[in-house]
Amino acid sequence: MRYLPLSDLDRTHMLSRIGVQNIDELFGDIPSAARLPDGLDDLPDHASEQAVERHLNQLSGQNLNAGQAPFFCGGGAYRHHVPASVDHLIQRSEFLTSYTPYQPEIAQGTLQTLFEFQTQVAQITGMGVANASMYDGSTATAEAVLMAARITRRQGCILAPGLHPHYGEVTRTLTQTQGIQMRTMAPAINQDHQIADLVTADTACIVVQSPNVFGQVVDLAPLAEAAHAAGALLIAVCTEVVSLGLLKSPGEMGADIVAAEGQSIGNALSFGGPYVGLLACRDDRKFIRQAPGRFAGQTVDANGDRGFVLTLSTREQHIRREKATSNICTNSGLCTLAFSIHLALLGERGFRHLAALNHQKACALADQLARVSGVELLNQRFFNEFTLRLPKPATQVVEALATRGVLGGIPAARIFGPGPLDDLLIVAATETNTDEDMAEFTKVLAEVL
Amino acid sequence: MAVHTQDRATRPAATDGTQRLSPALLQDEGLLFEIGETSKCGVDLEALREQPNRLGDLARTSSTGLAGLSEPETLRHYVRLSQRNYAIDLGLYPLGSCTMKHNPRLNEKMARLPGFADLHPLQPVSTVQGALGLMDELSHWLLQITGMDVVALSPKAGAQGEMCGMLCIRAAIEAKGELASRNRVLVPESAHGTNPATAAACGFVIDQIPANAEGRVDMDAFEQKLGPDVAAIMLTNPNTCGLFEPDIKRIADLIHQHGGYFYCDGANLNAIMGKCRVRDLGVDAMHINLHKTFSTPHGGGGPGAGPTVLSSRLARFAPLPFVTHEPGSSFGLVEQGEQDGAADAFGRMCAFHGQMGMFVRALAYMMSHGGDGLRQVSEDAVLNANYLLARLKDVFSPAFTGTCMHEALFDDSFLEGTGVSTLDFSKALIDEGYHPMTMYFPLVVHGAMLVEPTETESLQSLDQFADAMLSLAQAAKDQEHDRFTQAPRTAPSLRLDETQAARHPILRWTADVD
């Protein structure tokens, strides 16, 4: 077995050094009724690298991947081009096979990259500080709600009607046990501003996504004002962080906490994970003390030289146990690194260019598709994703597109469930789409309608 | 822009009197923001044809300030930083409770197959049959290894798996109409911090159970704490002292008799694969850290994956989404509460299906080992830990007598009178070429040192590590104080001031910092 270095001779020698007759003596505390004398004999025996590769290649081949078809799916996960050097660097042994940097003297690589990551996240969101990542955008949103409840000592939470429904479900699941009262409105493309009317004296936070799940770009400033006037916080959610290259940042519009999905930068679609949740907030001790997860911070070593450590960990589970701000431990280390490297390659100029390119492609696609008979573009303003009303149920249309080799977006019913949104199709375009892709999509859509 | 340079010449020399840090191999490196420029870009993007604006009045007018680098500068920046990290590929990584084992590169290659990596979570189900098939196969392996009924794959890491299991338990209690009265969760004081943090996040009250003199659950104390308000016990097995709980079946039976549930923290599954199945121990829910037992890389702190296996008593409460078997040997996905079989699902743990990239790696790992190899993994993991224990026990002070499972626990009594603390000893290990062991955990042992070598260390590697440990222990007895209090002396950074970091937090770079 190629991963196990011990030989039978080694094992015999070691057993005798330990002073036992056989290996089972070391497992003597297992109740005899629970022992498995035959091991896992219902599972196949070990397999060669070649055999494993053959099997997994076969499974991989049973999928229609995004590179095999004109591809326009978004809905919280976006296909962007990741430079080759990103994937090369994150596979360096020193990054890939290191643990959480609890021993800072021999983990400065991870710690400095986390400090740089936190800075980049703060920069693009326009916020004061950011933590070292959450699992994904949805769990970052739930944690942001709990954080807002602790800061304001209130329990009310209002979800905007344009919030990704999965984000709403995750937030409900992860906060309901802590007494958070959730209010929301029926899903709608352009009604997010109306939640200002729901704010009460018990509102801890309002949660608004921009661009929202329908692709609509939302002005957060009036919502921030409404929240602040009532002593509540504005949590800005973003599932497509490339948009921040072209849009006013949540910080500029008055957000108190930002919860975002960072997958678009540096990370593959990977069927939904692993992704990287971003959590940023105002640079305010009260906020930072209530934040979940890890922070890397700057300090000096015994020589006075700059160095970095994990800090403010008295908020965390390994110190505070049941009084911790969150139970999170392992987060998205390597995905933060991919995010950070990709963003370093882009820089300000590249990030803005990338965002502009996405917007240009989406505008061109929206105009083409809106010319197909029976198709209506529902967004007034959008970044790289928009919603179409179709003359037929979108689920059927998407299936028909797929059989013709086009992955043509997400039916709203896929994420909201069947009902009044059945005829809505959510379509995304990125820099990966060519003119030919878009022409093919438009042609095939006209055929299947 | 001032690049922060470190003056190596002022460093104390290494123990052998030579300067071991070559500036050629360990280059100084500033922060990205000190070496990069906002005008620089390392990606060639398609030229913009037109610049439409459908953003209304929400277009960005301010600069982000993001620093950019060309590709060669990027490679240098990150390669230089990488060289400041210890890693499994460099040496033994004896972090108890963390299972730092070899990460096979086949798994990395497989996770990058376009059929997995370039697949969108919301594509039509007909186009992702291979991905769902892979999740189904992974489930089969996990259920065979644990003997449990159902597995929820979506939890994103161990702590989220705990949350998933405890929310299932909460849902089951709620279904029985007992939520108001059954709210106490028993947690041994040796537990990982995530256990009480999770139970509290799920709305339960935590009640701590002491350990006995043998490092196991104090059964008398446990029995006294049972009552009609007990929702569950959260128990790690093998426990965080590296010991199997011999009374585990009785603990399970008693908790069940009192109407509660048994949550098992699966962090230490690496010790028992193919030796016993947690179902036969009476477990109702257990998360599995794919990034520990099944070798998906730790990546400097994630991503992890925490699939949670459930007994038949909890199966129907499993969260959305999950994979189903459909007629004609195809697979379906249940993503909405209205769909068949989802009526009791307690909710949703994350936006999509969980950590697919980790699923691929874990399945590749399991298939590579097979049922026979996984049993060998556990046997070798336990053998390696006991071998280290045997080599160290006469000089170090084992916290408990007898053999251990996959990790060996020592207290700091062997350092008595030396003036050396567990922290100093651990830092000195760095100068011997090793990452320190887990220290000061579990909390039930004074100055704890928890050593987990894993099965992927050779006998030679174990012997070298034992020799280093023994020589350090001798140095402590010989009062070589500087070797400990000044340690590490050969690392890229000397000991870092954590107090200052917390007292005056600097959590990001700004132009005026420094």
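The area buried between chain B and chain A is about 17,800 Å², and carbon and sulfur atoms give 60% of it; buried area here is the accessible area (1.4 Å probe) that two parts lose on being put together, summed over both. B:Arg54, B:Arg60 and B:Leu507 supply 5% of the area that chain B buries against chain A, more than any other three residues. The model is predicted: local features need pLDDT of at least 70 and side-chain atom pairs count only at pLDDT 80 or more, while totals for chains, interfaces and linings use all residues. Residues are numbered from 1 along each chain as its sequence is written, chains are lettered from A and ligands numbered from 1 in the order in which they are written, and side-chain values use heavy atoms, with hydrogens and water left out.

**Interface of chain B and chain A**

- Contact, meaning heavy atoms within 4.5 Å, involves 217 residues of chain B and 200 residues of chain A.
- The interface holds 15 salt bridges, each a side-chain nitrogen of Lys or Arg within 4 Å of a carboxyl oxygen of Asp or Glu.
- One salt bridge is formed by the side chains of A:Lys361 and B:Glu46, at 3.0 Å from N to O.
- On the side of chain B that touches chain A, helix H10 (residues 356-392) of chain B gives the most, with 27 residues.
- Helices (H or I, at least four residues) and strands (E, at least two) are DSSP runs, numbered from the N terminus.

- B:His192 sits in the loop between strand E2 (184-188) and helix H7 (194-201) of chain B.
- With a relative accessible area of 11%, B:His192 is buried; buried means under 20% relative accessible area, exposed over 50%, partly exposed in between (1.4 Å probe, protein chains only).
- Not counting residues up to four places away in sequence, B:His192 touches A:Arg321, B:Ser97, B:Thr236, B:Thr240, B:Asp265, B:Ala267 and B:Phe441.
- The side chains of B:His192 and B:Ser97 are joined by a polar contact of 2.5 Å.
- A:Arg321, in the loop between helix H10 (317-320) and H11 of chain A, is also buried, at 9% relative accessibility.
- Phi of A:Arg321 is near 50°, a positive value in a residue other than glycine.

**Sheet of chain B**

- An open sheet of 7 strands has the order E1-E7-E6-E5-E4-E2-E3 in chain B, with mixed pairing; two strands pair if DSSP finds at least two bridges between them.
- Strand E1 (150-152) and strand E3 (205-209) of chain B are the edge strands, and each pairs on one side only.
- E2(B) and E3(B) pair in the parallel sense over 5 bridges, and B:Arg184 stands opposite B:Val205 in E3(B).
- Helix H6 (residues 158-175) of chain B packs on this sheet, and its direction makes about 175° with that of E5(B).
- Helix H9 (residues 248-257) of chain B also packs on the sheet, touching E2, E4 and E5 of chain B, at about 140° to the direction of E5(B).
- Axes are lines fitted to C-alpha atoms, for helices over the stretch in contact, and angles run from 0 to 180 degrees between N-to-C directions.

**Sheet of chain A**

- In chain A, 4 strands form an open sheet in the order E10-E11-E13-E12, with antiparallel pairing.
- Strand E10 (376-377) and strand E12 (410-411) of chain A each have a single partner strand, so one side of each is left without a neighbour in the sheet.
- E10(A) and strand E11 (residues 385-389) of chain A run antiparallel and are joined by 2 bridges; A:Leu377 stands opposite A:Leu388 in E11(A).
- Helix H11 (residues 333-370) of chain A packs on the sheet, touching E10, E11 and strand E13 (424-428) of chain A, and its direction makes about 5° with that of E11(A).

**Backbone geometry**

- Most residues other than glycine have a negative phi, and most peptide bonds are trans.
- A:Ser133 has a positive phi, near 110°, and is buried at 0% relative accessible area.
- The peptide bond from A:Gly273 to A:Pro274 is cis, with omega near 5°; A:Pro274 lies in the loop between strand E6 (257-261) and strand E7 (277-281) of chain A.
- B:Gly302 and B:Pro303 are joined by a cis peptide bond with omega about 0°.

Terms used
A polar contact is a pair of N or O atoms within 3.5 Å; within protein, one must be able to donate a hydrogen and the other to accept it, and residues adjacent in sequence count only if both atoms are side-chain atoms.
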